[in-house]
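Student: Please take a close look at a single part of this model, and then connect that part to what surrounds it.

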Amino acid sequence: MDKFIYLILSLRWQDIIDISLVSYILFRFYVLFRGTNAFRVLIGMTILWIFQQIAVSIGLIVTSWVVQGVVALGAFIIIVIFRNEIRTVLLARNLKFIFWGVSSKTFTSTIEIIVQSVLDLARRNCGALIVLPGKEDLEEVIQKGIPWKGEISKEMILSVFWPDNPVHDGAAVIQGDQIVQVGAILPLSRRDDLPTYFGTRHRAALGLSEAADVLVIAVSEERGDVVAAQDSQLKVIKQKRRLEQILLQHMGTAAKKSRESIKERLMVITAALFSIIFVTGVWFSVSKGVYTLATFEIPVVYMNRDPAMEIIRTSVNTVSLELEGSGALIKSIKPDQIQVKLDLSKSKVGPNSFTITRESISLPPGIILKGLTPPVVDVDLDVLIKKDLSVQIDWVGKLPDHFVLTDATIKPKTVEIIGGKRMLEKMSTIYTEKVPLNNLEANGTITVNLALNPASLKTASDSNEKVAITYATKLRDNGSNF
Amino acid sequence: MNQRNLHLLLFAVILCILFPFSVRSQSGDTGESKISAGKIVLARAVMCEDLLELVPQNPTTVFSIERRKAICFTSFDPVPEKTIIYHQWFHRDQTSAKIKLTLKPPRWSTYSSIQFRAEDIGPWRVEITDSQGHILDVLRFSITE
């Protein structure tokens with residue numbers, strides 16, 4: 001428990017943002033792709049990935065390799081095979097929805113289909129008789145029609161009552177979201193108080209409502225009006241909303257729709273919570289998992305040096321940092337993410353000592369500094385001056401024994417060098433880079449570079465780093481001693 | 001070459017054997033005047049592999065370490081009065097030896113030499129200075145493999 005509290009307290013604001021952002025991205029993926037095949041495959045891939053992590057953690061090497069391969073292949077499959085589906089999902093929605101909106105499933109309910117169909121039939125003056133049973137069984141009340149068992153749709157209802165359809169004079173019985181019978185014959189009402197303009201359909205509708213707990217919708221073929229028969233009463237329906245209300249009350253689907261809406265909301269909330277919990281778990285396993293201690297050799301960067309001064313010598317060029325963090329974070333560190341910077345703004349000419357503080361070191365988030373070696377860096381600084389130095393050739397190698405290098409002149413004889421005052425005061429000569437004797441001809445001229453050592457030395461802007469050597473050799477006198 | 005010069009040469013050879021940095025002197029060498037400093041005039045300064053009857057042999061600026069020694073030969077004309085000069089040998093910019101040499105009237109040739117060691121490979125120079133430390137000439141050479 002204490003460890004858990006410690007983990008929570010050790011969270012930084014960057015970590016909170018980190019978890020929130022990734023959770024939201026995951027949640028958006030769910031919102032955008034739920035119900036698609038790509039989403040189902042993605043869930044399978046996630047399960048495989050978790051399985052692979054478990055395999056790695058318990059040391060199942062080959063299994064983890066195989067699963068890793070399957071996951072990699074799966075990622076490829078998702079992109080290639082479901083590219084059209086992904087594109088459709090993304091193109092079908094605007095930018096605002098992609099980043100913010102939450103779609104609810106479109107429930108084109110049975111009621112809506114019936115309402116639309118009835119209104120369409122009325123507009124076309126197509127007579128129709130739709131039976132919506134209540135709790136009672138209608139088998140004994142209505143004369144059995146033709147079994148249908150077709151999923152309800154507006155087109156289906158229109159086709160059933162189309163005038164040329166042989167069953168269009170009968171009633172269609174709808175149970176749930178299915179048309180279970182068509183061409184059913186209903187009992188006719190014997191009431192004599194009905195208006196004369198009500199025809200056989202209306203009598204049939206009323207007759208059934210008198211005999212059973214049922215709602216019957218009748219559409220007049222002559223006038224195109226809509227009548228609902230229920231509880232031995234006929235109600236003329238003139239408004240779409242009224243028809244919806246009657247259907248809702250009869251079928252009790254208002255509550256059902258509300259339940260579906262709540263269920264839908266719960267699904268979204270569950271998905272959001274799952275995203276947060278999953279990402280938090282992954283985040284903790286990555287950033288706060290098994291801690292690893294690693295040593296990094298990092299170059300020291302010297303900053304804010306007085307331009308008039310030059311670094312002559314440093315005790316170290318790199319410092320060794322002992323860093324602690326989760327294995328994944330330690331592995332992902334790139335050298336340029338760690339910097340050790342020393343501020344030379346307060347340094348003076350001569351030897352200076354700087355203690356490397358935590359503020360001198362920049363580390364990636366989640367990485368802790370456990371130690372550094374050496375903690376102190378000595379930096380020797382000097383004022384820059386210019387000085388003319390004689391140039392001398394640094395010959396190497398060996399001439400053939402019977403040859404003597406009699407003359408070697410260098411041009412220019414001196415060059416102006418810029419460097420630290422204390423260093424240049426001790427110098428009178430600047431040497432060329434090593435010039436091999438082995439390849440020399442009898443005489444000639446060669447061009448060589450100056451060896452600016454230490455590297456802090458520079459030639460003045462008007463001096464060239466190259467010098468020309470003109471040399472001459474001759475045969476050795478035999479009288480020489482050896 | 002007279003008898004006196006032969007004795008001086010013999011004495012110098014003995015010194016050279018006893019000390020790696022040794023002093024040789026010889027009067028009577030003449031040559032073109034190069035630098036005038038005070039009363040003495042440096043007539044010739046040269047690095048050579050050997051001396052044969054006080055004549056530099058195989059003047060050069062590169063010495064193979066196999067040759068074991070290098071000689072800095074200097075000749076002064078005139079030498080109005082007895083005086084001293086120095087041959088200061090530098091390996092890179094570090095003084096390796098500072099050899100005091102005596103000059104005698106009316107003219108004088110003298111030399112110093114070093115015996116090579118393995119660590120002597122690299123660029124060298126010899127500064128020839130008078131008794132007041134004025135540089136009369138600088139000879140540059142290298143010891144190679």
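Tutor: Y30(A) is partly exposed because 19 other C-beta atoms lie within 10 Å of its own, given that a residue is buried with 20 or more such atoms, exposed with 12 or fewer, and partly exposed in between, the C-beta atoms being placed from the backbone. This is a predicted model, in which local features need pLDDT of at least 70 and side-chain atom pairs count only at pLDDT 80 or more, while totals for chains, interfaces and linings use all residues. Residues are numbered from 1 along each chain as its sequence is written, and chains are lettered from A and ligands numbered from 1 in the order in which they are written.

Y30(A) belongs to helix α2 (residues 13-33) of chain A, where helices (H or I, at least four residues) and strands (E, at least two) are DSSP runs numbered from the N terminus. Leaving aside residues up to four places away in sequence, Y30(A) touches A271(A) and S275(A), contact being defined by C-beta atoms, placed from the backbone, that lie within 7 Å. A separation of 8.8 Å is found between the C-alpha atoms of Y30(A) and V268(A), which are 238 residues apart along the chain.

Among contacts in chain B between residues at least 6 apart in sequence, 61% join residues at least 24 apart. Where the two chains meet, the contact takes 24 residues from chain A and 18 residues from chain B. On the side of chain A that touches chain B, β15(A) gives the most, with five residues.
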